Amino acid sequence: MEYLRRPFVIIGAFAASLAVGLLLMTWLMGDLRKVAAPVAIGGPFQLTDQTGQIVTEKNLKGRPTLIFFGFTHCPDVCPTALFEISEVLRAMGKDADKVNAFFVSVDPERDTQATMKDYLSSFDPHLKGLTGDPESVAKVVSAYRVYARKVPLKDGDYTMDHTALIYLMDREGHFVAPFNLKRKPEEAAADLKRYL
């Protein structure tokens, strides 16, 4: 029965991400600027990376930053996005050292520091996994206007519905736009280098 539910969970997460992305793109293109004030994306937070280092919004300053929200038990969307981010970082060569790339957990119950460290060992070493207590994670999820919801499964386990955008933040830590990974890694890397 779980195999029947999985496609609906994936479709739901995709639809929520698409809706947020379309809203952001519409606003950035100017259609909504006449109607509504921009929604602030980002803000103060304090989480821990997979090595035990404290990371705050201050760590975003001085470098362009890619931020992706997800969870380590994600069956396909998260590993695909992290692989694509890894390919962009690889295509950047030495310039990847000048970029922040964060994978922020929306599942602090299961995504401990050790779990994040093990999970991210399959991806580019520039990627840092951020987690924390449920309150700290909820704060950053809210600050970045991320949709995240626990979805119980029939076997007693659960999955997470969540926004699947990659946020591009500038060198000042301000939101620029959703970062498009649906292109050649070299093209995405060249785009990201514009913000160095």
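A nonpolar core is a set of buried Ala, Val, Leu, Ile, Met, Phe, Trp, Tyr and Cys residues joined through side-chain atoms within 4.5 Å. In this predicted model, the largest such core has 50 residues. Those with the most contacts inside it are Ile-67, Phe-69, Leu-82, Ile-85, Tyr-144 and Tyr-167. Helix H2, residues 77-92, gives this core its largest share, 7 residues.

**Overall make-up**

The protein chain holds 5 helices and 9 strands. Along the sequence, they follow the pattern α-β-β-β-α-β-α-β-α-β-β-β-β-α. The chain has 196 residues, and 43% of them are buried. Take the contacts in the chain with a separation of 6 or more: 72% of them join residues 24 or more positions apart.

An open sheet is formed by 5 strands. Their order is E5-E4-E3-E8-E9, and the pairing is mixed. Strand E5 (127-130) and strand E9 (175-178) are the edge strands, each pairing on one side only. On average, neighbouring strands of the sheet are turned by 25° against each other, direction ignored.

| Strand pair | Sense | Bridges |
|---|---|---|
| E3 and E4 | parallel | 6 bridges |
| E3 and E8 | antiparallel | 4 bridges |
| E8 and E9 | antiparallel | 3 bridges |

Phe-69 has Val-104 in E4 as its bridge partner. Thr-65 is partnered by Met-169 in E8. Tyr-167 has its bridge partner in E9, namely Pro-178. E8 and E9 also form a hairpin, with 5 residues between them. In the turn, Gly-173 has a positive phi of about 85°.

Which way do the side chains of E8 point? Ile-166 and Leu-168 point one way, Tyr-167 and Met-169 the other. In a regular strand, side chains alternate between the two faces of the sheet. All four of these E8 residues, Ile-166, Tyr-167, Leu-168 and Met-169, are buried.

**Helices against the sheet**

H2 lies across E3, E4, E5 and strand E8 (166-169). H2 runs at about 165° to E3.

Helix H5 spans residues 185-193, and its buried residues are Ala-188, Ala-189, Asp-191 and Leu-192. Seen down the axis of H5, they fall within an arc of 160°, so they line one face of the helix. Their cover includes E3, H2 and E8.

Helix H4 covers residues 134-143. Val-137, Val-140, Val-141 and Ala-143 are buried there. Down the axis of H4, these buried residues fall within an arc of 165°, so they too line one face of the helix. Pro-134 and Glu-135, on the other side of H4, are exposed. Strand E1 (46-48), E3, E4 and strand E6 (148-152) are among what covers the buried residues of H4.

Which residues does Tyr-144 touch, leaving aside its neighbours within four places in sequence? The contacts are Ile-41, Gly-42, Gly-43, Phe-45, Leu-60, Ile-67, Phe-69, Tyr-167 and Met-169. Of these partners, Ile-67, Phe-69 and Tyr-167 are also listed among the residues with the most contacts inside the core.

Arg-145 sits in the loop between H4 and E6. Arg-145 is not a glycine, yet it has a positive phi of about 55°. Is Arg-145 buried, partly exposed or exposed? Its relative accessible area is 42%.

**The loop at Pro-75**

Pro-75 lies in the loop between E3 and H2. Pro-75 has a relative accessible area of 40%, so this residue is partly exposed. Pro-75 and Thr-159 are 84 residues apart along the chain, and their C-alpha atoms are separated by 9.3 Å.

Key:
Residues numbered from 1 in each chain as written. Predicted model: local features only at pLDDT ≥ 70, side-chain atom pairs only at ≥ 80, totals over all residues. Heavy atoms only, no water. Buried < 20%, exposed > 50% of the residue type's maximum accessible area, 1.4 Å probe, protein only. Helix = DSSP H or I, 4+ residues; strand = E, 2+ residues; numbered from the N terminus. Contact = heavy atoms within 4.5 Å. Pairing = 2+ DSSP bridges. Axes fitted to C-alpha atoms, helices over the stretch in contact; angles between N-to-C directions. Arc of directions from axis to C-beta.
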